[in-house]
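These are my notebook entries on one structure.

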Amino acid sequence: MGFENRVVVVTGAAGGVGRQVAKRWLDAGAKVVAVDRSASHLDVLGSHERLATSGADLLTASGAEEMIRFARSAFGAPDTLIHTVGGFRMGPVDAPETAADWDLMMALNAASNFHCYRAMLPSLRERNGGWLVGIASRTAVQPAAQMAAYSASKAALIALTQSMAAELRGEDIHVNVLLASTIDTPANREAMGEEAAKKWVTGDDIADATFYLCSDQAKSIHGATLEIYGKA
């Protein structure tokens with residue numbers, strides 16, 4: 001797969017998954033715009049002539065639009081967005097904090113995608129097509145107890161993906177989503193143990209899947225939910 005002419009925006013790029021995705025796309029030859037809430041967190045990516053970093057509040061339409069303006073100023077109109085922003089909360093539906101958790105999960109796991117995808121559309125149309133990839137969760141299709149807010153927010157992302165794919169496929173704009181099981185992160189290892197991590201999905205697994213969905217090999221794929229469950 002050749003990605004030398006691609007301009008790829010990776011959100012949540014200071015996190016474990018986003019950082020790995022950004023590095024892998026750089027290694028593949030793309031120009032990468034790495035974005036996180038604070039630009040200072042992106043120092044972990046180092047420096048590269050094909051890397052530009054920026055802070056942005058992607059829970060707002062204005063923040064998403066500013067992100068795209070920055071990408072344009074750095075490398076021209078982006079043709080690919082890999083949106084790794086997200087969050088996790090769990091607890092009983094009637095717990096005092098669950099109403100606030102619902103709002104937070106919907107903002108992080110669904111609304112942020114909505115704002116970023118809309119902000120990308122003018123650039124994708126300028127490039128005569130492109131790729132939008134989000135990260136949902138296995139719990140969106142197999143909800144578990146005490147995960148109502150999280151599962152519902154990830155299910156909303158699937159619905160957003162499939163609706164936009166139906167709307168935009170005629171313009172050669174590909175909108176797809178990854179369904180991941182537990183992802184191997186330091187926080188998850190601390191919470192669930194090192195032994196359990198052997199079955200989890202890695203950042204490299206996520207990156208490999210984005211390469212596939214954003215390649216000519218997937219030129220006929222629109223609105224897909226690609227399962228990445230590892231051995232879990």
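How much space lies in the largest cavity? I find about 60 Å³ there. I note that this is a predicted model, in which local features need pLDDT of at least 70, side-chain atom pairs count only at pLDDT 80 or more, and totals for chains, interfaces and linings use all residues. Residues are numbered from 1 along each chain as its sequence is written, and side-chain values use heavy atoms, with hydrogens and water left out.

**Entry 1: the cavity**

I record one cavity of 30 Å³ or more in the structure. A cavity here is a set of points, on a 1 Å grid over the protein atoms alone, where a 1.4 Å probe fits but cannot get out; lining residues have an atom within 4 Å of a point. The volume is the space filled by probe spheres set on the points, which are joined across faces, edges and corners.

I listed the lining of the largest cavity: Arg89, Met90, Gly91, Thr98, Asp101, Gln146, Met147, Ala148 and Ala149. Helices are DSSP runs of H or I with at least four residues, strands are runs of E with at least two, and both are numbered from the N terminus.

**Entry 2: the salt bridges**

I then searched the whole structure and found nine salt bridges. The term means a side-chain nitrogen of Lys or Arg within 4 Å of a carboxyl oxygen of Asp or Glu.

Arg89 and Asp101, both in the cavity lining, form one of them, with their closest N and O atoms 4.0 Å apart. Arg89 lies in the loop between β4 (80-83) and α3, and Asp101 in helix α3, so the pair ties together parts that are twelve residues apart in sequence. Asp101 is buried at 14% relative accessible area, whereas Arg89 is partly exposed at 39%; buried means under 20%, exposed over 50%, and partly exposed in between (1.4 Å probe, protein chains only).

Arg37 and Asp57 meet in another salt bridge, at 3.2 Å from N to O. Arg37 is in the loop between β2 (31-36) and β3 (51-55) and Asp57 in the loop between β3 and α2 (61-75), so this pair ties together parts 20 residues apart in sequence. I note Arg37 as exposed, at 59%, and Asp57 as partly exposed, at 29%.

Which residues does helix α2 pair about one helical turn apart? They are Glu66 and Arg69, three residues apart in α2, and their side chains meet at 3.0 Å, N to O.

Terms used: 1 Å grid on protein atoms, 1.4 Å probe; cavity = no way out; pocket = protein on both sides within 12 Å on 5 of 7 lines; lining within 4 Å.
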